[in-house]
Amino acid sequence: MTQMFAKTLVGLAVLAATGLAHANATYEGLVDVAGSVSFDGWNELNRNRVGGALTEADLVAGTGSNVVGSGDAVFTRLSGSHYPAGFGLYGSNSVFTFTDTTVASNIGSLVFQGVINDFDAQFGATPFSLTLSLNGGSEVLAATSVSSVLNGGVSDLHTYTWDLSGVSTPITSYTLTLTAGFSQVLALQVDQVAAVPEPSTYAMALGGLALVGVMARRRRSMQ
């Protein structure tokens, strides 16, 4: 019973550490998302990428996430003129998609981080947009929250979050659609974040631990 108690504690410790296992390597300024159970990152979106140049043909065909520890999401340019330039993707009037058919069973939200210098928005034109659709459906979901850290058109960071806790249908795939005007795209990351357990779940877990502890002590006293 003591061994079982120890295993339970280890299991809970591992669960508590879930989502903090990877140090962010996508791009300086991006953060590790608390509770992340799976992530996909794209960096070095340029023709000088280490390990093999990124080409426009790769974008059109769909390029998998290349950051160590990433899942199997695919980033694709559906239309437009963005191409891998010397420092990042450069162009205008493009539509991109991020598609992933491997979704965590306990997903509660989706977080997108993008280092995108949106020159259209800076010049007063329409800023880029980002929408989400689930399970191959056509219905699009606007982000629950959006925040931007603007650095004067140099590594501007944009973060979008979708709260999926109200989705009753099991989520088996998602598609993010990014529509961008005149811009420079440097790095991208999408995190699947675990749903936050209800307080009753924590209470049950603590109660179970207490019971295991009592049984372990009782067994030792009987020996």
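Helices (H or I, at least four residues) and strands (E, at least two) are taken as DSSP runs, numbered from the N terminus. On this basis the protein has 4 helices and 12 strands. The model is predicted: local features need pLDDT of at least 70, side-chain atom pairs count only at pLDDT 80 or more, and totals for chains, interfaces and linings use all residues. Residues are numbered from 1 along each chain as its sequence is written, and side-chain values use heavy atoms, with hydrogens and water left out.

The protein has 223 residues, and 39% of them count as buried (under 20% relative accessible area; exposed is over 50%, partly exposed in between; 1.4 Å probe, protein chains only).

Five strands form an open sheet in the order β2-β3-β6-β11-β8, with antiparallel pairing; strands pair if DSSP finds at least two bridges between them. Strands β2 (63-64) and β8 (129-134) each have a single partner strand, so one side of each is left without a neighbour in the sheet. Within the sheet, β6 (residues 94-100) and β11 (residues 174-180) pair in the antiparallel sense over 7 bridges. Here Thr99 stands opposite Thr175 in β11.

The whole structure contains 1 salt bridge (a side-chain nitrogen of Lys or Arg within 4 Å of a carboxyl oxygen of Asp or Glu). Glu56 and Arg77 form a salt bridge at 2.6 Å, N to O. Glu56 belongs to helix α2 (residues 56-61) and Arg77 to strand β3 (residues 74-79), so the pair ties together parts that are 21 residues apart in sequence. Glu56 is partly exposed at 36% relative accessible area. Arg77 is buried, at 11%.

Asp40 lies in strand β1 (residues 36-42). Asp40 is buried but has no salt bridge, and the nearest side chain of opposite charge, Arg49, is 12 Å away. Charge assignment takes Lys and Arg as positive and Asp and Glu as negative; His and the chain ends are not counted. The Asp40 side chain makes a polar contact with the side chain of Ser65 at 2.9 Å (a pair of N or O atoms within 3.5 Å; within protein, one must be able to donate a hydrogen and the other to accept it, and residues adjacent in sequence count only if both atoms are side-chain atoms). A polar atom of the Asp40 side chain also lies 3.2 Å from the backbone nitrogen of Asp72. Beyond four places in sequence, the residues in contact with Asp40 include Ser70, Asp100, Tyr174 and Leu188.

Key: Contact = heavy atoms within 4.5 Å.
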